[in-house]
Each structure stands twice: as C-alpha cells, then as structure tokens.
Amino acid sequence: MFMSISTTGTAESPATDLGFLLHKHPGKVQRFGTSHGEAHVFYPEASDELCTAALLLEVDPIALVRRGRGKGRGGSPDFALAQYVNDRPYAASSLLAVALRTVFRTAMKGVCEGRPGLADQARPLRISLPAVPANGVGEGGGVAMVARLFEPLGWQVEAAAIPLDAAFPEWGESRYVRIELTSDALRLADALQQLYVLLPVLDGAKHYWVAPDEVDKLLAAGEGWLADHPERALIARRYLSRRWSLTRTAMERLELARLAEADDREVEEIDNAVDDTDRTGSTPDAGAAAADAPVRPGEQEEKQISLAERRRVAILAALSEVGAARVADLGCGQGELIGALLKDPRIAEVLGVDVSARALSAAARKLRLERMSERQAARVTLVQGALTYTDARLKGFDAAVLCEVIEHLDLPRLPALEYAVLGAARPAAVVVTTPNAEYNVRWESLPAGHVRHADHRFEWDRAQFRAWAERVAATYGYTVVVRPVGPEDPEVGAPTQLALFRIGTPVAATVVGTAIAGTTPAGTSTGTGIDTDTDTDTDAVARTTPEGGETR
C-alpha cells in the first residue's frame with residue numbers, strides 16, 4: 001500500500017521544507033508500527049526544486065485476520081475469502097487513512113514548531129495513489145466518484161481505471177483506480193485531512209467497527225471544507241459505513257456548522273434552542289424570569305390561560321381566517337404550534353423549520369413522530385434551515401408563521417429574513433407575533449429596562465411594530481393588519497402583538513374579537529391576569545434559538 005506527496009520550490013523557499021511540515025527528515029528512512037503492520041517513510045528525491053515523500057504500509061495479513069474477527073467482513077469486500085485472499089495489503093483503503101493519522105499526526109494538525117508559520121502557507125502539491133478501491137454500486141463509483149469527491153476541493157484530478165488484466169482487455173476494468181491529485185496552492189494539513197476522510201469513502205468499507213465517536217472524527221477532519229462540499233451526504237454515509245443514525249447526526253451537525261459559518265457566529269450561539277440542564281420550564285436566567293401580572297378581583301379564572309396558549313389560539317384563528325391548508329412554521333422550536341396545527345383537520349401539511357438540530361430533535365420527540373400513523377406522519381416535515389437565507393423548500397405554502405422569532409435577530413439581519421420569507425418564498429399569508437415592549441412594566445419580576453428573554457435582541461412598542469409591518473407590507477406587495485394578543489391593558493396594551501400579512505388582498509383593519517382568546521376589539525379587555533407558570537412557553541421562560549424562535 002503506497003502513496004507519495006510531492007512539492008516544488010525555489011532557493012528562497014526550498015521544496016525540502018516538506019520535511020519540516022511532515023516532521024520526517026528527508027535524509028532518513030523511518031519506520032513506524034501500526035495496528036495492522038509497519039509503515040515506512042522515505043524520500044525518493046529531495047532537492048530545493050523538487051521533494052517527494054513516500055509512505056509505504058506493509059500490512060501484516062495475520063494481524064489483519066486476527067483483528068478482523070468478530071467484525072463482520074473485516075473491511076474486505078470479498079468477505080467469503082477475506083481471511084485467505086484480500087486486497088488490503090495493496091489498495092489504499094481505511095488502513096492507509098489510519099496510517100496517515102499515526103505517522104503524520106502533527107502535520108495533520110498544522111503544527112510546525114521548527115518553522116513557525118510554515119504550516120499556514122499554501123504550496124503546490126502533487127499526491128500519487130497507484131491503487132485505490134473506488135466501489136460505488138448505485139452511487140456512481142470509479143473514476144467519476146474520484147472527480148466528484150476531489151474536484152470541488154480545488155484539486156486537479158487525473159484518474160484512470162485499472163484493468164482486471166492488461167493481457168486480457170476484454171475482461172474489462174477492475175474496481176481500482178490510479179489517482180494523481182494536483183493543487184497549485186494548498187496547505188499540507190488540509191490535504192492530509194481530506195485524504196484521511198476520502199480514502200475510506202472511496203473504499204466504501206472500514207477495517208474496524210464504526211462507533212459513534214467516528215462522527216466526531218469526521219467533523220474534526222472535515223472542518224473548513226466538508227460542510228460546503230456538494231457531496232457531503234455521500235461522504236458522511238460512506239465514511240460512517242452507511243449507519244443511518246450516525247449519518248443523520250453528522251448531517252445535522254454539518255448543516256449547523258455551515259449555517260454558523262455563513263453568519264460568522266459560533267455553533268453554540270445558534271444551537272441553543274433547548275436548555276441542556278432544564279427542560280421543565282423553570283427560569284433559565286434572572287433576566288428572563290417569569291413574572292405574573294397583578295391579579296385583580298374576578299380574574300383568577302382568566303389567569304389560568306397562559307400567554308403561550310393565547311398566542312397559539314390567535315395564530316390558529318388567523319390561519320383559519322385566510323383558509324390556509326399548507327402551513328410553514330418558521331422557527332418551530334420544540335414544536336408546540338405544530339402539535340396544535342396537526343389537531344386541526346383542515347391543515348393538510350405542516351413544515352417545521354428551525355436552525356437548531358437539538359430543537360428539531362426535541363420537536364420530533366414531543367410530537368411522537370415515530371409513533372404517528374403513516375397518514376398523520378405524512379402531514380408533517382421537520383427540516384433544518386436558517387431564515388435569513390432564501391430556501392426553495394419554503395415556497396408554495398398558503399401561510400407562514402413567525403411566532404416570537406424576529407426579536408431574536410440582530411436588527412441588521414432582519415431585512416434578510418423579510419426578503420427570504422415575504423420576497424422569495426412569498427406565501428399567500430404570513431403571521432408574525434412579537435412581544436409588546438410597553439407591556440413589560442406589568443411583569444413584576446422583570447427588572448426595569450430588561451427584555452423578556454436574555455436572547456432578545458430588541459423588543460418593539462406598538463408604534464414601532466406597526467411601522468415595521470406597514471413598511472414590509474408595502475415593500476413586498478402585501479396588506480397587513482396588526483392585532484393585540486392577550487388581555488389589553490388600557491395604558492400599555494396587550495402583552496403580545498400580531499401582524500397578519502395577506503398578499504395583494506385588502507384586509508379590513510378590525511380585530512376578530514371572539515376568535516382570539518382573551519382579546520376583544522381595540523380599546524376593551526377581558527382582563528389582565530396571565531399565568532406565566534402554567535406553560536413553559538411564556539415570553540419570559542421560553543427556550544430560544546437566535547434565528548429559530550421560542551418554543552411555543
């Protein structure tokens with residue numbers, strides 16, 4: 001099993017710097033022990049103009065058989081005769097990938113203490129692999145797969161299928177290919193990380209049991225390139241030996257990494273929709289402490305209806321008003337609104353979108369998707385996505401809902417959401433709810449000047465929200481009506497405000513009083529008591545995701 005890495009240089013930047021990068025002296029032949037044999041590193045040529053390092057892995061067939069016992073086919077596609085005849089000593093497979101990590105571990109990390117800064121420099125590279133298995137039944141294997149995997153990474157690929165027997169061309173081609181990869185400028189560490197992932201992917205088999213920690217290895221080696229690779233699904237599936245549960249986990253984390261990089265944010269900032277330590281609805285922090293409004297005589301019964309429930313009822317009433325049958329819940333959180341939508345037989349399809357993979361997993365558990373009947377499960381789809389980017393999956397819906405979402409975006413990012421939803425997706429109707437900042441003075445335990453949740457980037461008063469809604473409606477060809485949700489206070493209004501956008505259809509600027517629990521036409525109120533402790537989804541205690549919204 002053999003591969004070589006070559007680079008060119010000049011007198012000012014000699015090619016022999018490759019020895020510093022690999023931490024292997026060009027003037028020596030070095031030997032290293034691996035779990036399946038011995039690896040040798042040597043330099044067939046080493047000058048200022050051209051330097052080539054070669055890795056030769058001598059596989060011990062006895063060790064291969066012994067270590068492969070109890071592990072299925074032991075990484076060989078010819079499992080029936082694998083203990084006697086196999087290609088592992090000759091073809092660059094997962095065995096070579098492990099040898100790369102063993103022999104060039106420091107180089108793969110991009111560390112070069114002897115020459116600080118050298119590892120960060122891109123340089124011309126040429127990698128030769130004389131024999132690589134490229135299996136891919138039903139997945140377009142062979143030379144085509146080599147190109148699909150390496151060309152998106154900037155490599156110039158020369159690949160040729162190796163015939164079964166050159167003396168008998170009529171026998172056709174084998175499953176092995178000869179590969180030459182050339183790059184004009186690439187960090188050596190990046191090249192080694194890519195080989196570490198893609199050699200087992202080409203092979204389609206691993207010589208060891210694939211455990212959950214392989215997901216971490218994949219993401220660590222794929223950092224900076226895998227999330228944006230057009231074949232990331234194929235790479236994850238084959239690297240993880242087609243274990244669907246591990247593949248799903250890897251794809252969720254890759255998508256989250258891609259979204260975080262696009263927004264120039266840390267993954268932890270985005271994927272925080274579900275609190276790890278408390279899922280019971282208790283207060284996550286003092287700034288978001290739940291607080292009850294003063295209870296007046298005769299209001300105890302009214303107090304039992306939570307603000308979260310009032311929002312859901314208001315949203316359902318608005319969706320019924322526009323006759324929506326296909327609804328997208330944008331920033332669906334843990335899926336409370338989706339559960340309410342599925343109870344309405346008039347709703348034929350629900351799409352739940354959230355940037356947080358953890359929130360989507362929690363929603364799937366809460367909705368019991370795995371236990372739903374086939375007919376019921378066909379009505380709901382959960383997908384991961386960021387609402388500040390256009391997404392073809394959002395098109396064609398009768399209505400979209402943004403329930404307690406917009407206040408989690410930085411104001412400069414809000415126009416991107418406006419365009420993605422009302423400009424690009426263009427549902428027939430859009431329902432938006434957000435806190436009324438004026439009402440915050442009625443929360444006794446909310447410190448003055450604080451927003452209702454630590455992740456809220458802003459909270460608008462009624463005039464600000466109306467001005468925003470009217471501007472957006474005029475920009476994208478919608479009409480809009482703004483309504484209060486929850487008991488209205490004569491001085492500060494209702495705790496939540498709702499905007500109903502309808503595309504190109506005039507809407508009477510009146511409130512559907514009795515259709516919305518706890519809300520009557522403007523200027524009247526059924527009470528101000530709100531029980532923020534009976535539901536985990538009040539503005540004050542809801543768990544959030546920066547672009548995904550609160551649980552509802």
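Visitor: Where is tryptophan 171 found?
Guide: Keep in mind that we're looking at a predicted model. Strand E6 covers 156–163 and strand E7 covers 173–186. Tryptophan 171 is found in the loop between E6 and E7.

Visitor: How much accessible area do Leu164, Phe168 and Trp171 have together?
Guide: Those three residues form a nonpolar patch on the surface. Taken together, their accessible area is about 330 Å².

Visitor: Are helices H7 and H8 parallel or oblique to each other?
Guide: H7 is residues 213–221 and H8 is residues 232–239, and they pack at an angle of about 140° with their axes 11 Å apart. An angle has to be over 145 degrees to count as roughly antiparallel. The H7 and H8 pair is therefore oblique.

Visitor: What is the handedness of the H7 and H8 crossing, and which residues of H8 make the contact?
Guide: H7 and H8 cross in a right-handed way. On the H7 side, the contact is made by Glu214, Lys217 and Leu218. Their partners on H8 are Ile235, Ala236 and Tyr239.

Visitor: H7 also meets H6, so to speak; is that crossing left-handed or right-handed?
Guide: Helix H6, residues 188–203, and H7 have axes that come within 9 Å and cross at roughly 140°. Gln193, Tyr196 and Val197 of H6 touch Lys217, Leu218 and Ala221 of H7. The crossing of H6 and H7 is left-handed.

Visitor: How is H5 set against H8, roughly parallel or roughly perpendicular?
Guide: The axes of H5, residues 143–150, and H8 come within 10 Å and cross at roughly 115°. The range 65 to 115 degrees counts as roughly perpendicular. That makes the arrangement of H5 and H8 roughly perpendicular.

Visitor: Which residues of H8 make the contact with H5?
Guide: H5 passes H8 in a left-handed crossing. H5 brings Met145, Arg148 and Leu149 to the contact. From H8 come Leu234, Ile235 and Arg238.

Visitor: How many salt bridges does a search of the whole structure find?
Guide: One of them is formed by glutamate 321 with arginine 483, with the closest N and O atoms 2.9 Å apart. A search of the whole structure finds 21.

Visitor: How many residues apart in sequence are the parts that glutamate 321 and arginine 483 tie together?
Guide: Glutamate 321 forms a salt bridge with arginine 483. Glutamate 321 lies in helix H12 (residues 307–322), while arginine 483 lies in strand E13 (residues 478–485). So the pair ties together parts whose separation in sequence is 162 residues.

Notes:
Residues are numbered from 1 along each chain as its sequence is written. This is a predicted model: local features need pLDDT of at least 70, side-chain atom pairs count only at pLDDT 80 or more; totals for chains, interfaces and linings use all residues. Side-chain values use heavy atoms; hydrogens and water are left out. Patches are made of residues with over 30% relative accessible area and no salt bridge: like charges are joined within 9 Å, nonpolar side chains (Val, Leu, Ile, Met, Phe, Trp, Tyr) within 5 Å. Accessible areas come from the Shrake-Rupley method with a 1.4 Å probe; for residues, only the protein chains shown count as cover. A salt bridge is a side-chain nitrogen of Lys or Arg within 4 Å of a carboxyl oxygen of Asp or Glu. Helices (H or I, at least four residues) and strands (E, at least two) are DSSP runs, numbered from the N terminus. Axes are lines fitted to C-alpha atoms, for helices over the stretch in contact, and angles run from 0 to 180 degrees between N-to-C directions. Angles under 35 degrees count as roughly parallel, over 145 as roughly antiparallel, 65 to 115 as roughly perpendicular and the rest as oblique. A crossing is left-handed if the near helix is turned anticlockwise from the far one by less than a right angle, and right-handed if clockwise. Contact means heavy atoms within 4.5 Å.
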